[in-house]
Amino acid sequence: RYAHEDLGRNYTRNLIATDGTSYTLLLLCWNPNKASAIHDHPCDGCWMRVLEGQVRECRYRPVIMGDEENRGGDENDPSGGATSDDGSFLTCTHDETYVQDQVAL
C-alpha cells in the first residue's frame, strides 16, 4: 500500500504518517546499487529498519581546521573533504539501527 518506487531515482520517500510536530514515519524504497550524497539527519536522530535486502551506511566526520593530515580525498572529493570516521556498516533484512549525527554525519 505504501511502497511506491520510481526507477528513475536513487530512492523514493513514501510518507506513511506524521503528527506534524514530533514524528514522521517514512518508507524509503531504494533502487538496487544506488546511493545518496553525504547528509545529516534530524536533530533527534531516527530509527531505520531494513524490510528487504541490505543497506550499507558510510559514516563521516568533518575535518577540523589544522587537521589536514587526516583529510580524505581532494577538492574534487564528493565528501567535501570529510574523512571516513568508522568505516561502513551493513544493515540487513529485519535489522534495525539508530541513526544520529552525534555518531557521524
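**Exercise 1. What percentage of the 105 residues in the protein is buried?**

Solution. Start with what you are looking at: this is a predicted model, where local features need pLDDT of at least 70, side-chain atom pairs count only at pLDDT 80 or more, and totals for chains, interfaces and linings use all residues. Residues are numbered from 1 along each chain as its sequence is written, and side-chain values use heavy atoms, with hydrogens and water left out. Next, recall the term: buried means under 20% relative accessible area, exposed over 50%, and partly exposed in between (1.4 Å probe, protein chains only). With that cut-off, buried residues make up 18% of the 105.

**Exercise 2. Find out how many helices and strands the protein has.**

Solution. Helices (H or I, at least four residues) and strands (E, at least two) are DSSP runs, numbered from the N terminus. The count gives 0 helices and 6 strands.

**Exercise 3. Describe how β1 and β2 are arranged.**

Solution. First, locate them: β1 covers residues 11–18 and β2 covers residues 24–30. Two strands pair if DSSP finds at least two bridges between them; here there are 7 bridges, in the antiparallel sense. As an example, R13 has L28 in β2 as its bridge partner. Finally, look at the connection: the two strands form a hairpin with 5 residues between them, and G20 in the turn has a positive phi of about 80°.

**Exercise 4. Are C46 and C92 buried, partly exposed or exposed?**

Solution. C46 counts as partly exposed because its relative accessibility is 25%. C92 is also partly exposed, because its value is 29%.
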